[in-house]
Amino acid sequence: MKYIAYGVILIIFATLVLPTIIVIGFIPVRSSTVQHSSVKLIKDGKMADFKTAEVKTSNDYNTINVFVVDQNKEVKMNLEDYLVGVVAAEMPADFEMEALKAQAVAARTYALSKEISVGGKGCDLHPGSDVCTDYKHCQAWISDDVMRSRWGDKYNLYRDKIVKAVNDTKDLVIVYNDALIEPAYHAISGGETEDAKNVWQENLPYLKSVPSPGEEVAQKFKTTVTVSSDEFVNRIKSRAPKAKISTKNLLGYIKNIKRTEAGHVLSLNIGGIDFTGTDIQDLFQLNSTNFSFSMRGNNVVINVIGYGHGVGMSQYGANAMAKGGKNFEDILKHYYTGVEIMRIDDLLKIKSAKA
Ligand SMILES: [Zn+2]
């Protein structure tokens, strides 16, 4: 129970204190410990402080104050230029154009939800800035120099493609109930996305479980982590010294695995101690909480499906939909239940009219 209690405290901390959105994307080192917290601005279908923001023209939000972590300073950027760096950082550039467009709209929705000039709370790790480039906190972003070194002779091809994805979706955002949504996304859901309620204990009507076919082509759709029985026991005991577990008949100590409908482990009991799926994910650095155990000789093999928290848009699923002829709007409406895609100006007019 102690670990569930810790989990609850962590979840409360993450939800109330850390204003981050978690997007487990393509950076392998991306942290899985800070799973999420809310963008309060766009919760409950309200842009909370909009009335006082008095947005008059698009000039008010077309400049975004980005705290660039590796330069340790704030840089004013044109919003659409900033988004090119976000899409480049968050999605492989060889993905289909419509998937890149869907990513651009999700990134724009997140950025605007944070912008202080339209009532956002900004980045609380770097007060005064709208967003930071820390992928564990706000959104990943890379500079043009990084794109050049990452893409080599494909730089022009990839950069043009991403600029097109951003330009072709200029000003478009994802809206539910006249407010910007919390556009969670992840790399690979494992075949079905998660309800936000199962992962963050937050019931968001547009973050519901939906099928996500076609992800199997992703290299990391299925991964395994293998540890010796001794190592397995040690790691469990490092977290739960009172766990009654030994290397003999090890799997017999693992009981009561409870899963969501989409397959992610909510909780399990090991050696008499309750763990959350996230506890085990962190202990063994798993790509997701959709895991199962088997033995190979004296080793424990942890079989993992998917990559990321599974909530919202699956990037590989988006790419599969794009390959199947769907456009970015189809993709976004599939992964975010009941949303509309609209121009930010039109959303602000709606809010102005209601204010
Ligand atoms: Zn931040």
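In strand β13, the bridge partner of T224 is N303. This pair belongs to a predicted model, in which local features need pLDDT of at least 70 and side-chain atom pairs count only at pLDDT 80 or more, whereas totals for chains, interfaces and linings use all residues. Residues are numbered from 1 along each chain as its sequence is written, and side-chain values use heavy atoms, with hydrogens and water left out.

The protein contains 13 helices and 15 strands; helices (H or I, at least four residues) and strands (E, at least two) are DSSP runs, numbered from the N terminus. Of its 355 residues, 55% count as buried. Here buried means under 20% relative accessible area, exposed means over 50%, and partly exposed lies in between (1.4 Å probe, protein chains only). Contact is defined as heavy atoms within 4.5 Å. Among contacts between residues at least 6 apart in sequence, 66% join residues at least 24 apart.

The pair T224 and N303 forms part of the antiparallel pairing of strand β8 (residues 222-228) with strand β13 (residues 299-305), which are joined by seven bridges. Two strands are said to pair if DSSP finds at least two bridges between them. Strand β13 also pairs with strand β12 (residues 291-296), again in the antiparallel sense, over six bridges. Within this second pairing, M295 stands opposite V300 of β13. The strands β12 and β13 form a hairpin with two residues between them, and G297 takes a positive phi near 60° there.

A further set of strands forms an open sheet of three, in the order β6-β5-β15, with antiparallel pairing. The edge strands are β6 (179-180) and β15 (340-343), each of which pairs on one side only. Strand β5 (residues 172-176) and β15 run antiparallel and are joined by four bridges; V173 stands opposite M342 in β15. Two helices lie across strands of this sheet. Helix α5 (residues 97-114) lies across β5 and β6 and runs at about 70° to β5, while helix α12 (residues 328-335) lies across β5 and β15 and runs at about 125° to β15. For these angles, axes are lines fitted to C-alpha atoms, for helices over the stretch in contact, and the angles run from 0 to 180 degrees between N-to-C directions.

Two loop residues with positive phi were also identified. D171, which is not a glycine, has a positive phi of about 75° and lies in the loop between α7 (155-167) and β5. D171 counts as buried because its relative accessibility is 10%. N177, likewise a residue other than glycine, has a positive phi near 50° and is placed in the loop between β5 and β6. N177 counts as exposed because its relative accessibility is 51%.

The zinc ion is coordinated by C123 (SG), C132 (SG), H137 (ND1) and C138 (SG), at 2.0 to 2.4 Å. Donors are N, O and S atoms within 2.8 Å of the metal (3.2 Å for Na, K and Ca); water is not among the atoms, so sites may look incomplete. In sequence, the donor residues are spaced C-x8-C-x4-H-C. The site is tetrahedral, with angles of 103 to 116° among its four donor atoms. Four donors count as tetrahedral if all angles lie between 85 and 135 degrees; four count as square planar and six as octahedral if opposite donors are over 155 degrees apart and all others between 65 and 115, and anything else is irregular. For four tetrahedral donors, the ideal angle at a metal is 109.5 degrees.

C132 counts as buried because its relative accessibility is 0%, and H137 counts as buried at 4%. C123 is buried, with a relative accessible area of 1%, and C138 is buried, with a relative accessible area of 0%. A search of the whole structure finds zero disulfides, a disulfide being a pair of cysteine sulfur atoms within 2.5 Å.

Finally, T63 is found in strand β2 (residues 63-68). At 38% relative accessibility, T63 counts as partly exposed. When neighbours within four places in sequence are left aside, T63 is in contact with K76, M77, E115 and D130. T63 and E115 are 52 residues apart in sequence, and their C-alpha atoms are 9.2 Å apart in space.
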